[in-house]
Every structure is written in structure tokens, then in C-alpha cells.
Amino acid sequence: MESLLTMGSNAKITVRLARDADFTAWNGLYAGYADFYGVPQTQAMRDRVWSWCHDPSKSTECYVAETTEGQLVGLAHMRAFERPLAASIGGFLDDLYVNEAARGSGAGRALITHLQSVCDQRGWGVLRWITAPSNAAARALYDSLATKTEWLTYDLDV
């Protein structure tokens, strides 16, 4: 499934599943995502995530935002998760990134609305994600698309 979003000035963003040939561009985007959040990451780590995206036994799916010129400008990783209290399945958006030069192009909106459509087609009840409170630009987009919840996130190292 692909989605095509036409932005102002006839700029178009296509969202689609990542293909094997996208590795180099995806790798640069994902490294940029890690840098944006100050998360140390190695090539071996990115190789592992890429392998998950193409392994049918894993739940991670990788979507990319592509310009009409064929340039990848954004990525999103999504996976299914069970929601026991709701007795349903949802989609969890683990990573969303648009390169700096393409921010404001509509690529982030296109990625999220595409994933929303994927979730809807699968009968999933929600698309959920977290973000850093300091990420004001992304939060402005998220606030225009989704409902901010009252839930807090905790991590317990094991």
C-alpha cells in the first residue's frame, strides 16, 4: 500500500514500505534520528533494525517518505501491540523522522496519516507514540493530528 500526498506548489510525498534498495538512504535518515535525540548508535545497531524491518518473523515495519524526485526524506517504524484492557490490537509508532531539509514539507504528516490508514485497514483501534517534551516542532504536528494523553512513560532497566 502506498499513499500519495500532494502539498503546496505541487510538491508530492509518497509513503510506502521500505525496499531493499532503500538501505543507504534509510541508514542516513536513521543515523540522523539517533543524532537528533543524542542516542549513541552504531552501524551494527542500524543493521539489526533494518533486518527486523525485512524479517517476517519480526513485527517491525519500516515506511519511508519519498519525493517525486525519488529522494527519501523521512522514515517511520511501526509495530502491532496487544491492548489487553481494550481487548484489541493497536499500532505503535516507534520512530518517526524527517530530515532537517524536508521539515515543513508535509512528510511527517504524510507518514502519520499513512500509518493511520494502515491501522484502519487492519482493524486496529489506535496508533500510539511517544515523543520528547522538548520536541516542540513535532509536538505541534502531533497536536494537530492526535490526542495527547495523560499517561506517563517509565523505563525500568533490566
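The questions and answers that follow concern the model shown above.

Q: What kind of model is this, and how are its residues numbered?
A: This is a predicted model, in which local features need pLDDT of at least 70, side-chain atom pairs count only at pLDDT 80 or more, and totals for chains, interfaces and linings use all residues. Residues are numbered from 1 along each chain as its sequence is written, and side-chain values use heavy atoms, with hydrogens and water left out.

Q: Why is the size of the chain said to agree with that of a compact globule?
A: The globule rule is 2.2 Å times the number of residues to the power 0.38, and the radius of gyration is taken over C-alpha atoms. For 158 residues a compact globule would have a radius near 15 Å; the chain has 15 Å, so the two agree. The C-alpha trace spans about 45 × 35 × 35 Å along its principal axes.

Q: Why is S134 called exposed?
A: A residue is buried under 20% relative accessible area, exposed over 50% and partly exposed in between (1.4 Å probe, protein chains only). S134 has a relative accessible area of 67%, and is therefore exposed. S134 lies in the loop between β6 and α4 (136–145).

Q: What makes β3 a mostly covered strand?
A: In β3, 7 of its 7 residues are buried. E61, Y63, A65 and T67 point one way and C62, V64 and E66 the other, and all are buried. Strand β5 (residues 88–98) is also mostly covered, with 8 of its 11 residues buried. Over the 158 residues of the chain, the buried share is 39%.

Q: How do you know that β3 pairs with β2 and with β4?
A: Two strands pair if DSSP finds at least two bridges between them. Strand β2 (residues 12–17) and β3 have 5 bridges in the antiparallel sense, and T14 has E66 as its bridge partner in β3. β3 and β4 run antiparallel and are joined by 6 bridges, with V64 opposite L75 in β4. In the hairpin of β3 and β4, which has 4 residues between the strands, G70 takes a positive phi near 85 degrees.

Q: What are the partners of β5, and in which sense does each pair run, parallel or antiparallel?
A: Strand β4 (residues 72–83) and β5 pair in the antiparallel sense over 10 bridges, where F81 stands opposite G90. β5 and strand β6 (residues 127–128) pair in the parallel sense over 2 bridges, where G91 stands opposite L127. From β5 the chain crosses through helix α3 (residues 107–122) to β6, and this β-α-β crossover is right-handed. Right-handed means that, with the strands pointing away from the viewer, the path from the first strand over the helix to the second runs clockwise.

Q: Why is the length of α1 said to agree with expectation?
A: The expected span of a helix is 1.5 Å times one less than its number of residues. The 14 residues of helix α1 (residues 23–36) should span 20 Å, and because its end C-alpha atoms are 20 Å apart, the values agree.
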